[in-house]
Amino acid sequence: MSHFFRLIHNENVKIYKRMGTWVMIGILVLVVALVGAFTKFVLDPGSNADWKSQLTAENAQLTESLETAPMLEAQKRLLKERIALNEYRVEHDLAPMERDSLWGYMVDATTFTGIAALFTIVIAAGMVASEFSWGTVKLLLIRPVSRTKVLLAKYASTLLFAVLMLVLLFSTSFLFGMIFFGFTGAETPYLSYSNGRVVQQNMVTHIIELFGFRSIDLIMMVTLAFMISTVFRSSSLAIGISLFLMFTGPQIVQLLSQYDWVKYILFANTDLQQYTTGTPLVEGMTMTFSIVMLLIYFGLFAFLSLFIFNKRDVAA
Amino acid sequence: MKKPIVEIKNLKKVIGDKTIIHGISMDVFPGEVFGFLGPNGAGKTTTIRMMVGLMGITEGEVLINGFSIEKNFEKAISHVGGIIENPEMYKFLSGYDNLLQYARMLPDPVKKERIDEIVKLVGLEKRIHEKVKGYSLGMRQRLGLAQALLHSPALLILDEPTNGLDPAGIREIRTYIRKIAHEEGIAVFVSSHMLSEMQLMCDRIGIIQDGHLVSVETVGDFVGEKVNTVLEIEPIEKAREFVEQTFPELNPKVNGAKLFVSASREKVPSLVKVLAENEFEIYQVSSENSTLEEKFLEMTEGTK
């Protein structure tokens with residue numbers, strides 16, 4: 001096992017001894033800081049003093065559309081949940097979270113997982129393809145280490161980089177949130193709706209949960225990039241295809257959502273939040289179905305990478 | 001007879017519907033420098049890539065120290081150090097960090113002292129902590145050699161090791177290769193298309209042509225015995241007939257104004273004496289070793 005750790009150590013040396021990696025890490029931290037500053041100094045938070053009457057008005061409107069407008073079962077359920085949450089807030093005197101608060105900002109910052117995904121894709125795309133373009137693959141593969149182990153070490157190091165990016169995102173958004181907005185409202189709970197009841201939840205748990213949901217998309221796209229890098233030995237192709245699919249995939253799936261078969265496409269399943277706080281893309285899709293689909297896609301990517309990497313004639 | 005470190009048995013490689021290597025068999029023994037010679041495109045690099053597991057084997061097998069490179073890769077390759085074509089290194093790392101990369105991949109990591117020892121051996125100690133980016137080709141070759149020797153392999157495979165080196169560098173590498181083979185009993189497998197170089201470096205030579213192994217001989221057999229003697233003599237046609245009758249084994253031939261005979265060194269005085277006694281006018285007698293180059297061209301042209 002310690003041998004495998006040494007292989008991961010090797011891959012990490014190759015990641016972090018390159019300038020490009022540190023530029024990406026720097027950009028991530030910079031974006032988090034800049035958006036924090038923008039939220040604090042430029043955006044107008046608006047008056048939130050009469051939030052109670054606002055929520056009451058919203059509820060009245062929602063109730064009306066619930067009765068008159070035609071809509072799907074799932075949409076109806078969603079509106080009812082929203083009404084229940086709003087009522088709970090008014091009853092228990094819990095003001096909605098504001099953007100220019102520590103938690104509000106941290107929740108916003110979870111969308112930057114997209115940037116973390118982007119950078120991790122760049123790393124993943126280079127993992128195997130670069131060894132070929134540098135010519136170092138010839139010396140790498142004549143060591144007493146099986147190709148499977150080499151590839152697994154590379155994949156594990158890519159995931160470690162993803163974890164680093166997420167931890168960095170979480171900690172810097174907490175840090176800059178504290179600097180810009182202070183630790184006020186730390187006790188504000190997050191309200192969620194489960195089994196027909198409104199429940200209070202710890203805010204940090206909620207934010208970590210958000211990170212968790214977004215990481216699924218990240219891991220799938222990174223694995224895809226890693227596979228393309230291994231199969232085609234081209235990092236630009238891997239970056240291009242993965243980013244294209246990451247940005248357009250969800251839209252394409254949305255466009256095609258009238259067809260039933262769309263549920264078998266990867267991007268219809270990467271957002272598991274659709275089952276907890278939204279409507280499933282296609283009627284009848286369940287969390288279990290999506291998890292099974294994700295595992296199938298993951299298995300396919302892993303199999304293709306391993307199979308082709310083991311079979312390949314190295315003749316560069 | 002020593003046990004061979006490498007056994008290549010009827011090795012074949014087919015890519016698509018083209019056969020690149022047509023069933024090569026040869027053995028390499030500990031303590032010898034084996035030259036693998038052939039023109040560009042003959043299949044040297046393909047054979048080497050199959051020997052180190054970079055390419056799949058279509059048919060036949062390669063055994064290193066008794067272990068199949070295909071079925072028992074990790075065991076077989078642990079005895080091998082190699083440079084395959086140019087020694088390409090991680091340019092953003094220092095020479096030392098590059099060596100550490102390969103040290104970490106071994107099942108039992110080599111000690112720091114061993115790395116320092118190897119660095120000294122290849123003469124890179126002054127610049128080993130600089131990034132490889134700034135290395136000259138010669139320095140990269142040395143680093144490549146260091147990387148190949150790190151784990152004290154029983155077999156060293158070098159693909160065109162003197163490529164891009166200056167004459168002093170070539171000599172140094174040659175001396176070093178002969179030294180480790182003969183003193184430490186390492187088998188060295190060297191490929192090259194530089195004939196003169198191989199003649200000086202190798203103990204045995206295998207010639208590959210269009211994917212066929214044309215011959216395997218010791219350098220002595222290859223070069224030594226056969227001596228061409230060139231005579232400037234008149235009348236030339238008569239002289240040829242005379243030699244043909246008196247010494248038919250010398251196989252005399254006329255080429256231009258010169259008579260070529262395959263006489264060994266010891267034979268030359270008696271030949272000259274007899275010719276002089278028979279009133280032939282001899283202007284010049286010279287003898288030359290048939291070099292590997294001639295032999296090589298002779299062989300490879302013969303098969304075409």
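A nonpolar core is a set of buried Ala, Val, Leu, Ile, Met, Phe, Trp, Tyr and Cys residues joined through side-chain atoms within 4.5 Å. Keep in mind that this is a predicted model.

**Exercise 1.** Find the largest nonpolar core and say which residues have the most contacts inside it.

*Solution.* Start with the count: the largest core holds 156 residues. Then ask where the largest share comes from: helix α9 of chain A (residues 203–232) puts in 15 residues. Finally, look for a separate core: a second one has 13 residues, including B:A239 and B:F247.

**Exercise 2.** List some contacts of B:F189, skipping neighbours within four places in sequence.

*Solution.* Look within 4.5 Å, the cut-off for a contact. Among the partners of B:F189 you'll find B:M26, B:F34, B:I48 and B:L155.

**Exercise 3.** Describe how chain A and chain B touch.

*Solution.* First, count residues: 31 of chain A are in contact with 31 of chain B. Second, take the area: about 2,900 Å² is buried between the two chains, and carbon and sulfur atoms give 57% of that. In chain A, the residues losing the most area to chain B are A:I142, A:R143 and A:P144, together 24% of what that side buries.

Third, check charges: five salt bridges cross the interface. A:K138 forms a salt bridge with B:E88, with the closest N and O atoms 3.1 Å apart. Last, find the top contributor on chain A's side: α1(A), with seven residues.

Methods. Residues numbered from 1 in each chain as written. Chains lettered and ligands numbered in written order. Predicted model: local features only at pLDDT ≥ 70, side-chain atom pairs only at ≥ 80, totals over all residues. Heavy atoms only, no water. Buried < 20%, exposed > 50% of the residue type's maximum accessible area, 1.4 Å probe, protein only. Helix = DSSP H or I, 4+ residues; strand = E, 2+ residues; numbered from the N terminus. Buried area = accessible area lost by both parts, 1.4 Å probe. Salt bridge = Lys/Arg side-chain N within 4 Å of Asp/Glu carboxyl O.
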